[in-house]
Amino acid sequence: MADITYKNKINRIRTFALSLIFIGFGIMYIGLLVKKVEWLMLIFIILGMIAIVFSTVVYFWIGLLSTRAVPIICPTCEKPTKMLGRVDACMHCKQPLTLDKSLEGKEFDESYNSKRS
Ligand SMILES: [Zn+2]
């Protein structure tokens, strides 16, 4: 099941926010199915609303991250992409990219983002 393809961070967060919306609607739908039990329905609808509100927060967060992301032209597919942190992947071709010359050519490792050299 492990997905070894490295994904662009902004794209990954966006997918997460989108799935949160679906999860939220799913939970609210379950709430409608159990509407005979009023308190249970309320709990599901509140949980669903929390998931949807949270996804809006995540979308807002993506907006903030995007302003901090570095826009670059991918050397492989020559499309404009944005990268977060020292290493990230291209949004289009998933080519691993780095801003740090010392990491160039090294094996791709997400931990470079947290390590301080
Ligand atoms: Zn690319």
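Residues 39–62 form a span that is 100% helix and 0% strand, with its end C-alpha atoms 35 Å apart. UniProt, in an unreviewed entry, places the feature "transmembrane region" at residues 39–62 and also at residues 12–33. Keep in mind as you look around that this is a predicted model. The protein has 2 helices and 4 strands, and along the sequence they follow the pattern α-α-β-β-β-β.

**The overall picture**

- Of the 117 residues in the protein, 13% are buried.
- Take the contacts between residues at least 6 apart in sequence: 43% of them join residues at least 24 apart.
- The other span that the UniProt record marks as "transmembrane region" is residues 12–33. That span, too, is 100% helix and 0% strand, and its end C-alpha atoms lie 32 Å apart.

**Helix α1 and its partners**

- Helix α1 runs over residues 9–33. It has 25 residues and reaches 36 Å from its first C-alpha to its last, close to the 36 Å expected at 1.5 Å a residue.
- Which residues of α1 are buried? They are K9, L20, G24 and G31.
- What do these buried residues pack against? Their partners are helix α2 (38–68) and strand β3 (87–89).

- G24 sits in helix α1. It counts as buried because it has 21 C-beta neighbours inside 10 Å, and the cut-off for buried is 20 or more.
- Leaving aside neighbours within four places in sequence, G24 is in contact with G48, M49, A51, I52 and S55.
- G24 and I45 are 21 residues apart in sequence, and their C-alpha atoms are 8.5 Å apart in space.
- S19 is in helix α1 as well. Is S19 partly exposed or buried? It has 13 C-beta neighbours inside 10 Å, so it counts as partly exposed: that category lies between the limits of 12 or fewer for exposed and 20 or more for buried.
- S19 and S55 are 36 residues apart along the chain, with 8.4 Å between their C-alpha atoms.

- Strand β1 (residues 70–73) pairs with β2 in the antiparallel sense, over 4 bridges.
- To see this pairing residue by residue, look for I72 opposite T81 in β2 and I73 opposite P80 in β2.
- Strand β2 covers residues 80–83, with T81 and M83 on its covered face and P80 and K82 on its uncovered one. As background, side chains in a regular strand alternate between the two faces of the sheet.
- The hairpin of β1 and β2 has 6 residues between the strands.

**Two loop residues with a positive phi**

- Most residues other than glycine have a negative phi.
- E78 lies in the loop between β1 and β2, and its phi is near 60 degrees, a positive value in a residue other than glycine.
- K94 is in the loop between β3 and β4 (96–98). Phi of K94 is also positive and near 60 degrees, and K94 is not a glycine either.
- Is K94 exposed or partly exposed? K94 counts as partly exposed, because it has 16 C-beta neighbours inside 10 Å.

**The nonpolar core**

- Which residues make up the largest nonpolar core? It has 5 residues: M83, A89, C90, M91 and L97.
- M83 also belongs to the covered face of strand β2.
- Not counting residues up to four places away in sequence, L97 touches C74, M83, D88, A89 and C90. Among these, M83, A89 and C90 are listed in the core with L97.
- For general context, nonpolar side chains tend to be buried together in soluble globular proteins.

Note on methods
Residues numbered from 1 in each chain as written. Predicted model: local features only at pLDDT ≥ 70, side-chain atom pairs only at ≥ 80, totals over all residues. UniProt positions renumbered as here; feature names shortened; annotations may be inferred. Contact = placed C-beta atoms within 7 Å. Core = buried A, V, L, I, M, F, W, Y, C linked by C-beta atoms within 7 Å. Pairing = 2+ DSSP bridges. Expected span 1.5 Å × (residues − 1).
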